[in-house]
Amino acid sequence: MKKQFLSLVLAAGLLASGPAQAGEKLTLLLDWFVNPDHAPLVTAQTKGFFEAEGLDVEIIEPADPAMPPKLVAAGQGDIAVSYQPTLHAQIDEELPLKWIGTLVETPLNSLIVLKDGPIQELKDLKGKSIGFSVSGFEDAMLGQMLLSVGLTIDDVELVNVNFALSGSLLAGQVDAVIGGYRNFELTQLEIEGKPGKAFFPEENGVPIFDELIYVVNKDKTDDPRFAKFLAAVEAATIYLSNHPEEAWNAFIEAYPNLNDELNRRAWFDTLPRFAKRPAALDAGRYQRFAEFMAEAGLISKVVPVESYTAEIR
């Protein structure tokens, strides 16, 4: 695995070092393995929208999901798919990154319980156990959600379930999980015959944020390929909205291992959440969320939004 990852890094570095011309390669480092969250990107690839913009985009799945923004910051890759909370944290760490666009414009993250279980309202979490995968932002998000109903983190028991969110809930190891995606874990529970209920952070005290975004090295925002990339993604997203079934068929032809009920349902559940104008920036949203992260102690200070975003024309 390490050798494979190093070869991808070297390949990305070589591809990123060439001159920025229409028709040359552009490397796109994903946040995770290909899945329906990446539908606009795969549609742009399979339906020729990248090609129409003169781009040959190489989509790379990460061996280590934490690495893509760091590789782009180091100049070893062109664009990385990342998360808005991660961007704020990495800007605080002074990584040379900038936002150039949005992929998924609403949170997917949620707190999930079993629908027929004892937790029907957030206040019912008092004294209950909550499973989590990654500490930090999820803790802060949970803390704010609990605060909205007069509770604190001290009122619940946190249990590290690694990435077995659905499994731990189904097995009764925990009463709830934080960090489950409403378009995946929620569907997975229903498929297993144990429907879930989701509490959404943006409806319970947490400022709304973009789930998935595009970041680049801050010194390369004038690369003309980025405008073409965003134009292709926008066209692909509109096509996807108008022709979801055709786009799905092209998706599973490219990735036949994803042709199952969970991914098909996730595909259609995620459609309303894709940014129809990926290059459009909501500066107020970023300012409010940065202030939330600072108040939660996740970043040391709030910096001007324009210092870590670039509007690509």
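Reply: Happy to! Among the elements that cover the buried residues of α11 are α2 (39–46), α9 (224–242) and α10 (244–254); contact means heavy atoms within 4.5 Å. Helices are DSSP runs of H or I with at least four residues, numbered from the N terminus. This is a predicted model, where local features need pLDDT of at least 70 and side-chain atom pairs 80 or more, while totals for chains, interfaces and linings use all residues. Residues are numbered from 1 along each chain as its sequence is written, and side-chain values use heavy atoms, leaving out hydrogens and water.

Me: Which residues of helix α11 are buried?

Reply: Buried means under 20% relative accessible area (1.4 Å probe, protein chains only). Helix α11 spans residues 261–270, and its buried residues are N263, A266, W267 and T270.

Me: Within what arc do the buried residues of α11 fall, seen down its axis?

Reply: The arc is taken from the directions from the helix axis to the C-beta atoms. The buried residues line one face of α11, because they fall within an arc of 110 degrees.

Me: Which side chain of opposite charge is nearest to E185?

Reply: E185 sits in helix α8 (residues 185–191). Lys and Arg count as positive, Asp and Glu as negative, with His and the chain ends not counted. E185 is buried without a salt bridge (a side-chain nitrogen of Lys or Arg within 4 Å of a carboxyl oxygen of Asp or Glu). At 9.5 Å, the nearest side chain of opposite charge is R182.

Methods: Helices (H or I, at least four residues) and strands (E, at least two) are DSSP runs, numbered from the N terminus. Buried means under 20% relative accessible area, exposed over 50%, partly exposed in between (1.4 Å probe, protein chains only).
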